[in-house]
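Here is a short report on one protein chain. Look over the sequence and the structure first, then read on.

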Amino acid sequence: MYTQAMDTMGKEDGQKKTVRSAEEMQLEERFDAHIDAGDFIEAKDWMPEHYRKTLVRQISQHAHSEIVGMLPEGNWVTRAPTLKRKAILLAKIQDEAGHGLYLYSAAETLGTSRDQMLDALHSGRAKYSSIFNYPTLNWADMGTIGWLVDGAAIMNQVPICRCSYAPYARAMIRICREESFHQRQGYEALLTMMQKGTDAQKAMVQDAVNRWWWPSIMMFGPPDDQSPNS
């Protein structure tokens, strides 16, 4: 769902570069030609180690973000204003759990285990999207997260449906479809409050939008020249 605040899982600075054999160079040339042709790389295909490590870093960070993203929303399940809103929020949280599982499974095809990914998260070597560190102060935050945060996530994620690694691309097709529902329900929740709500409820919406606007913009990340992972 989210592609900010990524960190390398084990820096390679200072390590000696290995000398590649002629066979490895030929394999990499074929790999590059495969990528240039717009073809997918499957899990059993040969791939350069730096490509594999980059995928593990990005996919695991994405999976962690989906799981952690359930937590601020879970706080509001018992405080939803109506049964309809509670059912919608529960469905959204369930979707996020499924997204995390799809992505962990995609990362596991690269030779890492779920235990290794979780250990990297718990030790601080892997990250999740920092937007989930912001507090959710009122019910309007639930709609604003759906409208702005999930909207920004969709902008980041749709291109991944066409990424070169096939298991990741296939997982993202379903994830993006479900994220579209999340964005739409967030917009509809805020629209209802603005059209039918009291003055206090309208002020609540404005407060939530004011607080979440810049964090949502920051989900697009820094310029490439300021990113250590670009």
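Y134, M155, W213, W214, I217, M218 and F220 make a nonpolar surface patch of about 760 Å². Patches are made of residues with over 30% relative accessible area and no salt bridge; like charges are joined within 9 Å, and nonpolar side chains (Val, Leu, Ile, Met, Phe, Trp, Tyr) within 5 Å. Accessible areas come from the Shrake-Rupley method with a 1.4 Å probe, and for residues only the protein chains shown count as cover. The largest share of the patch, 4 residues, comes from α8.

M155 sits in helix α6. Is M155 buried or exposed? M155 is exposed, at a relative accessible area of 58%. Buried means under 20% relative accessible area, exposed means over 50%, and partly exposed lies in between (1.4 Å probe, protein chains only).

## The model and the whole chain

This is a predicted model: local features need pLDDT of at least 70, side-chain atom pairs count only at pLDDT 80 or more, and totals for chains, interfaces and linings use all residues. Residues are numbered from 1 along each chain as its sequence is written, and side-chain values use heavy atoms, with hydrogens and water left out.

The chain has 8 helices and 0 strands. Helices (H or I, at least four residues) and strands (E, at least two) are DSSP runs, numbered from the N terminus. The C-alpha trace spans about 70 × 30 × 30 Å along its principal axes. Of the 230 residues, 43% count as buried.

In soluble globular proteins, nonpolar side chains tend to be buried together. A nonpolar core is a set of buried Ala, Val, Leu, Ile, Met, Phe, Trp, Tyr and Cys residues joined through side-chain atoms within 4.5 Å. The largest core here has 24 residues, and L89, W139 and W212 touch the most other members. Helices α4 (83–108), α6 (140–157), α7 (166–196) and α8 (199–218) each supply at least two of its residues. The largest share, 7 residues, comes from α6.

What does L89 contact, leaving aside its neighbours within four places in sequence? L89 is in contact with E73, W76, V77, W139 and M142. Contact means heavy atoms within 4.5 Å. A second, separate core of 23 residues includes L55, A63, Y104 and C163.

Helix α5 covers residues 114–123, and its M117, A120 and L121 are buried. These three lie on the same side of α5, because they cover an arc of only 100° around the axis. The arc is that of the directions from the helix axis to the C-beta atoms. The buried residues of α5 pack against α2 (49–68) and α4. The face turned away from the buried side carries the exposed residues D115 and H122. Just after α5, G124 takes a positive phi of about 90°.

## Salt bridges

How many salt bridges does the structure hold? The structure holds 11 salt bridges. A salt bridge is a side-chain nitrogen of Lys or Arg within 4 Å of a carboxyl oxygen of Asp or Glu. One of them joins E42 and R170 (3.1 Å, N to O). E42 lies in the loop between α1 (22–36) and α2, and R170 in helix α7, so the pair ties together parts that are 128 residues apart in sequence.

D207 and R211 also form a salt bridge, with the closest N and O atoms 3.0 Å apart. Being 4 residues apart in helix α8, D207 and R211 are separated by about one helical turn. E73, K92, E96 and D150 are linked in a network of salt bridges.
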